Amino acid sequence: MNIEGRKIKIFAGNSNKELAKRICGELDLPLGEAEVSAFSDGEIAVNIAESVRGADVYVIQSTSPPLVNRYLMELLILIDALKRASARRINAVIPYYGYARQDRKAKARDPISAKMVANLLTTAGADRVLTMDLHAAQIQGYFDIPVDHLLGVPILANYFKELNLENVTVVSPDLGSVTRARKFADRIDASLAIIDKRRPKANVSEVMNIIGDVEGKNVILIDDMIDTAGTITQGAKALKDFGAKDIYACCTHPVLSGPAIERLKNSVIKEVVVLDTIMLSEEKNLPNLKKISVAPIFAEAIKRIYENESVSELFD
């Protein structure tokens with residue numbers, strides 16, 4: 001995918017420089033020269049060190065932990081700087097879209113922060129958003145600009161196909177993830193089960209029952225993200241209690257905040273498979289954690305967007 005020498009430039013903030021470099025490697029393009037730093041009072045400073053006039057620009061930045069708000073501001077200020085430098089089109093490439101879980105009013109006086117962030121990106125000057133596995137697909141409708149929504153399920157499914165596991169059941173950790181789990185199960189030709197759970201408050205879950213047969217089965221738990229790992233580890237324990245054999249867990253976004261690492265260390269999960277939409281610090285790289293890069297799929301999507309080709313055909 002060598003498109004070197006054409007009017008396309010790729011820049012990145014500080015949230016996931018490694019992924020940005022991998023995407024550039026796939027495209028055979030250099031990472032654009034930009035310094036994103038901070039003044040002594042904490043304000044973010046951006047210096048674009050090359051001309052972007054008339055260029056199709058892609059800004060790669062996940063709004064992810066541990067500095068969600070800083071990374072969001074870096075992205076907004078980068079977009080503004082590129083817009084004022086006369087870039088022809090600015091594409092925000094957001095592998096992990098932070099604030100996506102605040103997508104509705106769950107109770108009175110709740111904000112809808114996912115919509116607010118969409119407004120901020122549009123106001124800053126983004127012409128298009130490229131992202132992966134939004135917490136809820138309808139968030140695409142919060143934008144008044146085009147959104148290309150990539151899927152992590154095919155990448156994870158290909159990995160498990162290569163493992164050649166026998167007698168497999170795919171398990172949805174809650175009712176909200178059933179559609180994702182069903183698509184995953186169809187791809188690897190496995191049966192489906194569902195964990196029925198109650199969540200008394202945010203980040204606290206309690207497993208109630210297993211819908212489906214898991215006894216003696218190799219089980220794959222799938223979710224869009226693993227945050228505090230309470231849902232996944234409690235689900236894995238319940239599956240073991242119901243007679244499951246080996247238990248695997250996989251997700252697109254390894255948020256892994258709070259007690260997540262400790263919980264995964266002490267869990268019955270044999271392997272945790274994640275994508276690199278979020279850069280993980282060294283202490284989060286567990287021995288049983290397998291990372292798969294999304295760089296090839298993002299690079300192909302960028303190439304298709306630039307050449308005005310279909311992105312959805314990637315998943316047909």
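The chain folds into 8 helices and 14 strands. Its radius of gyration is 20 Å, close to the 20 Å that the globule rule gives for 316 residues, so the chain is as compact as a globular protein of that length. Keep in mind that this is a predicted model. The C-alpha trace spans about 60 × 45 × 35 Å along its principal axes. Of the 316 residues, 54% are buried.

Start with helix H1, which covers residues 17–27. Ile 23 sits in this helix. Its relative accessibility is 0%, so Ile 23 counts as buried. What does Ile 23 touch, leaving aside its neighbours within four places in sequence? Its contacts are Ile 60, Ala 295, Phe 298, Ala 299 and Ile 302. Take Ile 302 from that list. Ile 23 and Ile 302 are 279 residues apart in sequence, yet their C-alpha atoms are 9.2 Å apart in space.

Now follow the chain out of H1. Asp 28 lies in the loop between H1 and strand E2 (34–38). Its phi is near 60 degrees, a positive value in a residue other than glycine. Most residues other than glycine have a negative phi, and most peptide bonds are trans. Asp 28 has a relative accessibility of 37%, so this residue counts as partly exposed.

Further on comes a loop between strand E4 (56–60) and helix H2 (68–84), and Pro 66 lies there. The peptide bond from Pro 65 to Pro 66 is cis, with omega near 10 degrees.

Another loop runs between strand E5 (89–94) and helix H3 (113–124), and it holds Tyr 99. Phi of Tyr 99 is positive too, near 70 degrees. Tyr 99 is partly exposed, because its relative accessible area is 28%, between the limits of 20% and 50%.

Next, turn to the aromatic rings. The structure holds 4 aromatic pairs. One joins Tyr 159 and Phe 160: the ring centres are 5.3 Å apart and the planes stand at 85 degrees, so this pair is edge-to-face. Tyr 159 is buried, with a relative accessible area of 14%. Phe 160 is buried as well, at 4%. Phe 160 also pairs with Phe 184. Here the centres are 5.9 Å apart and the planes are at 80 degrees, so this pair is edge-to-face. It links distant parts of the chain: Phe 160 belongs to helix H4 (residues 153–163) and Phe 184 to helix H5 (residues 178–188), 24 residues apart. Both Phe 160 and Phe 184 are buried. Ring pairs join Tyr 159, Phe 160, Phe 184 and Tyr 248 into a cluster.

Helix H4 has other buried residues, including Val 153, Pro 154, Ile 155, Leu 156 and Ala 157. Just after H4, Asn 164 takes a positive phi of about 55 degrees.

How many cavities of 30 Å³ or more does a search of the whole structure find? It finds 1. The largest cavity has a volume of about 40 Å³. Its lining is made of Tyr 96, Tyr 97, Ala 100, Met 132, Asp 133, Leu 134, His 135, Met 225 and His 253. By class, that lining has 6 nonpolar, 2 polar and 1 charged residues.

Technical notes: Residues numbered from 1 in each chain as written. Predicted model: local features only at pLDDT ≥ 70, side-chain atom pairs only at ≥ 80, totals over all residues. Heavy atoms only, no water. Phe/Tyr/Trp six-rings, centres within 6.5 Å; stacked < 30°, edge-to-face > 60°. Buried < 20%, exposed > 50% of the residue type's maximum accessible area, 1.4 Å probe, protein only. Helix = DSSP H or I, 4+ residues; strand = E, 2+ residues; numbered from the N terminus. 1 Å grid on protein atoms, 1.4 Å probe; cavity = no way out; pocket = protein on both sides within 12 Å on 5 of 7 lines; lining within 4 Å. Points joined across faces, edges and corners; volume = space filled by probe spheres on them. Nonpolar A, V, L, I, M, F, W, Y, C, P; charged D, E, K, R; others polar. Rg over C-alpha atoms; globule rule 2.2 N^0.38 Å. Contact = heavy atoms within 4.5 Å.
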